[in-house]
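Please walk me through this structure in plain words. I would like to know how its parts are placed relative to one another.

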Amino acid sequence: MARLGACLGVPLAIIEPAGFPTTDRAFVRAGMDYLDVAVIERHASFAAFESWRRAAGHRLVLFTTAADTAFTEFAFRPDDVLLFGRESAGAPDHVHAAADARLIIPMRPGLRSLNLAVTAAMALSEALRQTGGFPRPDGARA
Ligand SMILES: C[S@@+](CC[C@H](N)C(=O)[O-])C[C@H]1O[C@@H](n2cnc3c(N)ncnc32)[C@H](O)[C@@H]1O
């Protein structure tokens, strides 16, 4: 996901406690050379993240299988924060309650979920497509 953010020019925020190792060593191994160009912010807790988000005036858009609205039916804004849950347990109830919108990527019946990185790639693709946010080869936005 660090690589996804780096390539598309989108900052990544990690809210602790994360569901994966967040030591510098683990990051260097997973992020490879993309880590140098990725913008990664860390928030010590959901409360700390919420203080930052509310002060900055960003909407919180949660991707969850417990949603009724398809992500393709939602009008994204360029400064929306897209939030994804843990690979293991998803996002807790209080995070669902705090979200301004809860969106699902529709799936075939009977299947549990996509994996986190695939969800993020699909979500970001739709949000950037709608808002004209894809980077251009000359460095400008599309
Ligand atoms: C592997 S899933 C978590 C599965 C977890 N057992 C659950 O039921 O939420 C990891 C994250 O990917 C996102 N996700 C996966 N499939 C999704 C879908 N079809 N629509 C929206 N978000 C999805 C959610 O943010 C979820 O918290």
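**A walk through the predicted model**

Threonine 22 counts as partly exposed, because 13 C-beta neighbours lie inside 10 Å. A residue is called buried when 20 or more other C-beta atoms lie within 10 Å of its own and exposed when there are 12 or fewer, with partly exposed in between. The model is a predicted one. Threonine 22 sits in the loop between E1 and helix H2, which spans residues 24-31. Setting aside neighbours within four places in sequence, threonine 22 is in contact with Ile14 and Phe27. Arginine 42 is 20 residues apart from threonine 22 in sequence, and the two are 9.6 Å apart in space, C-alpha to C-alpha.

The loop between E1 and H2 also holds proline 17. Glutamate 16 and proline 17 are joined by a cis peptide bond, with omega at about 0°.

Strand E1 itself covers residues 12-15, and alanine 13 lies in it. Is alanine 13 buried, exposed or partly exposed? Alanine 13 has 16 other C-beta atoms within 10 Å, so it is partly exposed. Leaving aside neighbours within four places in sequence, the contacts of alanine 13 are Glu41, His43 and Phe49. Proline 78 is 65 residues apart from alanine 13 along the chain, and their C-alpha atoms are separated by 16 Å.

Next comes the sheet. In what order do the 4 strands of the open sheet stand? The order is E4-E6-E3-E5, and the pairing is parallel. Strand E4 (69-70) and E5 stand at the edges with a single partner strand each, so one side of each is left without a neighbour in the sheet.

The pairs can be taken one by one, following that order. E4 and E6 run parallel and are joined by 2 bridges. Here alanine 70 stands opposite isoleucine 104 in E6. E3 and strand E6, which is made of residues 101-104, also pair in the parallel sense, over 3 bridges. In this pair, phenylalanine 63 is opposite leucine 103 in E6. Finally, E3 and E5 pair in the parallel sense over 4 bridges. Valine 61 stands opposite leucine 82 in E5.

Helix H5 runs over residues 116-131 and has 16 residues. From its first C-alpha to its last, H5 reaches 22 Å, close to the 22 Å expected at 1.5 Å a residue. Which residues of H5 are buried? Thr119, Ala120, Ala123 and Ala127 are buried in H5. These residues cover an arc of only 95° around the axis, which puts them on the same side of H5. Among the elements that cover the buried residues of H5 are helix H1 (2-8), strand E3 (60-63) and strand E5 (81-84). Just after H5, glycine 132 takes a positive phi of about 65°.

Beyond E5 the chain reaches a loop and another helix. Proline 92 is found in the loop between E5 and H4. With 12 C-beta neighbours inside 10 Å, proline 92 counts as exposed, because the limit for that class is 12 or fewer. The C-alpha atoms of proline 92 and glutamate 16 are separated by 13 Å, although the two residues are 76 residues apart along the chain.

Helix H4 covers residues 93-98 and includes histidine 96. Histidine 96 is partly exposed, because 16 other C-beta atoms lie within 10 Å. Not counting residues up to four places away in sequence, histidine 96 touches Leu62, Thr64, Ala66, Ala91 and Arg102. Glycine 139 is 43 residues apart from histidine 96 along the chain, and their C-alpha atoms are separated by 35 Å.

The last stop is the ligand. How many residues surround the ligand? There are 17, and the closest are Phe63, Phe84, Gly85, Gly90 and Ser113. By class, the shell around the ligand is made of 9 nonpolar, 7 polar and 1 charged residues.

Definitions and conventions. Residues numbered from 1 in each chain as written. Predicted model: local features only at pLDDT ≥ 70, side-chain atom pairs only at ≥ 80, totals over all residues. Expected span 1.5 Å × (residues − 1). Arc of directions from axis to C-beta. Contact = placed C-beta atoms within 7 Å. Near = placed C-beta within 6 Å. Nonpolar A, V, L, I, M, F, W, Y, C, P; charged D, E, K, R; others polar. Pairing = 2+ DSSP bridges.
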